[in-house]
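Here is a short note for someone opening this model for the first time. Please keep the viewer open while reading.

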Amino acid sequence: MKKIINAPEAVLTDALSGIAAAHPSLTVDVENKVIRRAGGMRLGKVALLSGGGSGHEPLHGGFVGFGMLDAACPGEVFTSPVPGQMVSAAQAVDGGAGVVFIVKNYTGDVLNFQMAAELATDEGIMVETVLVDDDVAVQDSTWTAGRRGTGATVFVEKIAGALAEQGADLASVVAAARHVNASSRSFAVALTACTTPASGKPGFDLPEDEIEVGVGIHGEPGRSREKLRSAKEIVATALDAILEDLPLAEGDQTIVMVNGLGATPLMELYVAFNEVAAALGAKGVVIARSLVGNYVTSLDMAGVSLTVCKADPDMLALWDAPVSTPALRWGI
């Protein structure tokens, strides 16, 4: 294992200290592992809070800021944060209008956020939970009951975050977040396994000439293990799975993300996006907005995930709204 770290057990705290040093727009509580906007809560604004295991950066801390999240709770690598973190974060960002927990569908995250919601409610905070479960690759996988939550988390946080920034009430923000999740589907393919600092070795064996089709962001098994193929064929496999579950018609508008899993060169992601654009264009489907880059990673895994959201005009307007976070910024 070759990693730029001091010690495996210090990776998260060292990284949080680095985030604090690099981004003065954030307040980072390294001891309690909470990242939030500097300046405190905004009275009367619905707050958005998310989190999960570390190793998926920039998710979630990189999306804390104007137009997206108010706070994020990072757990240890691939490990859910604990309820105490979430309650502490909810207390810090609650402006009296309620807090939305955005939770990826993994068993540990679901259970811990549920417990945190109950504890926060006991403290007088209004809490609603939005579950993200966009991965069409598998059902009831190693880490979760039901579908895994992956790339659509970024879409949910951006669109719901914009609506909250505009002063919408709790019910409206929750409804928008759930609508985005219901309109989004994702699928990932891995070229290599990832290596966690604690284990010091790849999470699974993958021969040089094989790929894991439908892999999860923790390295969970996918639908199948197949021979390496061209970018066009990999994209076709992912898109076929997505469109089987999210039918799109000629003229439909979409938001598309081609996301690197941590070790994929940007050049290759653009190769993949070119194939997505050609395939959807042949069907008359419009890519109205797009992201290409590393947004939901899996440490040092090489691979790509595709996320497609069938977008309506309201979603697109909220997508275009100003955002200022370490990992996403426009309109400001």
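1. Strands first. Helices (H or I, at least four residues) and strands (E, at least two) are DSSP runs, numbered from the N terminus. Two strands pair if DSSP finds at least two bridges between them. E3 and E5 (residues 99-104) run parallel, paired over four bridges.

2. Basis of the note. This is a predicted model: local features need pLDDT of at least 70, side-chain atom pairs count only at pLDDT 80 or more, and totals for chains, interfaces and linings use all residues. Residues are numbered from 1 along each chain as its sequence is written, and side-chain values use heavy atoms, with hydrogens and water left out.

3. The sheet. Six strands form an open sheet in the order E1-E2-E4-E3-E5-E6, and the pairing is mixed. Strands E1 (26-29) and E6 (127-132) are the edges, each pairing on one side only. From one strand to the next, the twist averages 20 degrees.

4. A helix on the sheet. Helix H5 (residues 170-182) packs on the sheet and touches E3, E5 and E6; contact means heavy atoms within 4.5 Å. The direction of H5 makes about 10 degrees with that of E6. Axes are lines fitted to C-alpha atoms, for helices over the stretch in contact, and angles run from 0 to 180 degrees between N-to-C directions.

5. The largest pocket. A pocket is an open set of points on a 1 Å grid over the protein atoms alone, where a 1.4 Å probe fits, with protein on both sides within 12 Å along at least five of seven lines; lining residues have an atom within 4 Å of a point. Its volume is the space filled by probe spheres set on the points. The largest pocket has a volume of about 560 Å³. Its lining has 29 residues, with Ala-15, Ser-54, Gly-55, Glu-57 and Leu-299 nearest the centre. Helix H1 (11-22), strand E3 (47-54) and strand E4 (71-77) each give two or more residues to this lining. H1 gives the largest share, five residues.

6. The second largest pocket. The volume here is about 180 Å³. Of 13 lining residues, Leu-191, Ala-231, Ile-234, Glu-268 and Val-304 are the closest to the centre. Helix H6 (231-245), helix H7 (266-282) and strand E12 (303-310) each supply at least two residues of this lining. H7 gives the most, with four residues.
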